[in-house]
Amino acid sequence: MQLIGWKQLKSTFSTSLWAVPILAIPFAMIATRALHWLDAQTEWTLLGFGVTGAQTMLQAAVTAALSFLVFTFASLLVAIQVASGQLTPRIIATTLLRNEVVRYTVGLFMFTLLFAVSVQGRIDAKVHQLPLFVASALAVACFAAFLYLIDSASKLLRPITILTNVGNSGIAVIKDVYPEPSLGPDVAKNQRQKLGSPDRVIQHRGTSSIVLSVDINALVDLAKSTGGVIEFVPQVGDFVAVDEPLFKLYGGARSIDADVLHSAVDFGSERTLEQDPTFAFRIVIDIALKALSPAINDPTTAVLAIDQLHRLLRSVGKRHLRTDEIVEAGHLRVIFRTPNWDDFVNLTFSEIRANGAGNLQIVRRLRAMIEN
């Protein structure tokens, strides 16, 4: 339970734009107190600002940071609308909200705003020169960060950048799910052992949701400790309704507590790239299909998407697509389904071929990918 809670917290932090700015609030308060204490110890006189000059400097820093925050969020909302309409809504959580430049730049603006306000509120007859110097440096950093953010955002929203980022993430997930290199063309196909009827079926409870990830090692340990077999019924990325079968237990595994099994599965409202190797394919295909729609009619963007599908499919072809059966010390412990080669190929070609059959660019590029 603690592991899943930590994973959920980590996932929320990595996909939430508000996380870094919220953390900036206590850090700004701590930094203000620490620098005022240090100023009292060192008695800095570097800047030599009077009360009026310090108030003017800090007011400028507050105004700049607040303006940058408002402009950034307003621009981000427009960018999300445009990117969702032109590409696919699935890039919002996977690309836009995960972009480190956006998140940490907004965090810098929030930190500077609160720090400058705190320093301004502590000015009386005496000006604390060290906190004032830091506030001035942060204001200059905000100007530089804002210019860098504009440049980065303009590049981020280009279709080739989005597609490349998704492709890189997809390859990383493929290597994580299928860590072993290909063993050659003579690898045996999946050969499921006949287990008969399950001794116990654990159903999904709570709310209907999507499987985001599964702690496979925990399931293997549970099966090993009981001498039974655990079958995880859906695949990662599947939607599971309430009361649908989630686990099938065989042999000694039937004694495992249902709460322990549920704690090994992470659910969410939408798919993620964490353990789902086909989701990157899905995002790229959606971008290609949107580009091929009559409303947009941008086959060149669709060709760029096929280029990334080419990369992803070659990466899958170089990995050993393990069987669904996880064996430990010669004994079957867990049945955990993952996509096979046919699944990846059908997903890559079927929809784009159906929607782009009348476009010469698409037909030519698909043909080249097949031959490759």
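The exercises below work through a predicted model, with a solution after each task.

**Exercise 1. Classify the aromatic pair F111 and F115, and find where both residues lie.**

Solution. Start with the geometry: the ring centres of F111 and F115 are 6.0 Å apart, with 10 degrees between the planes. Planes under 30 degrees apart count as stacked, and the F111 and F115 pair is stacked. Next, locate the residues: both belong to helix α5 (residues 100-121), four residues apart, or about one turn of the helix. Residues three or four places apart point the same way because an α-helix has 3.6 residues a turn. Last, check the cover: F115 has 0% relative accessibility, so F115 counts as buried. A search of the whole structure finds ten aromatic pairs.

**Exercise 2. Work out how the rings of Y178 and F344 are arranged, and which parts the pair ties together.**

Solution. The ring centres of Y178 and F344 are 6.3 Å apart and the planes stand at 75 degrees, so this pair is edge-to-face. Now place each residue: Y178 lies in the loop between α7 (159-177) and β1 (200-203), while F344 lies in helix α12 (residues 341-356), so the pair ties together parts that are 166 residues apart in sequence. Then look at accessibility, where buried means under 20%. Y178 has 1% and so counts as buried; F344, at 0%, counts as buried too.

**Exercise 3. Compare the reach of helix α10 with its expected span, then judge its cover.**

Solution. Helix α10 (residues 277-292) has 16 residues, and at 1.5 Å a residue the expected span is 22 Å. From first C-alpha to last, α10 reaches 24 Å, close to that expectation. As for cover, 14 of the 16 residues of α10 are buried, which leaves the helix mostly covered.

**Exercise 4. Which residues make the nonpolar surface patch of about 380 Å²?**

Solution. The patch is made by W18, I22, I25 and M29. Take I25 as an example: this residue is found in helix α2 (residues 19-42). With a relative accessible area of 34%, I25 is partly exposed.

Methods. Residues are numbered from 1 along each chain as its sequence is written. This is a predicted model: local features need pLDDT of at least 70, side-chain atom pairs count only at pLDDT 80 or more; totals for chains, interfaces and linings use all residues. Side-chain values use heavy atoms; hydrogens and water are left out. Rings of Phe, Tyr and Trp (its six-membered ring) pair if their centres lie within 6.5 Å; planes under 30 degrees apart count as stacked, over 60 as edge-to-face and the rest as tilted. Helices (H or I, at least four residues) and strands (E, at least two) are DSSP runs, numbered from the N terminus. Buried means under 20% relative accessible area, exposed over 50%, partly exposed in between (1.4 Å probe, protein chains only). The expected span of a helix is 1.5 Å times one less than its number of residues. Patches are made of residues with over 30% relative accessible area and no salt bridge: like charges are joined within 9 Å, nonpolar side chains (Val, Leu, Ile, Met, Phe, Trp, Tyr) within 5 Å. Accessible areas come from the Shrake-Rupley method with a 1.4 Å probe; for residues, only the protein chains shown count as cover. A salt bridge is a side-chain nitrogen of Lys or Arg within 4 Å of a carboxyl oxygen of Asp or Glu.
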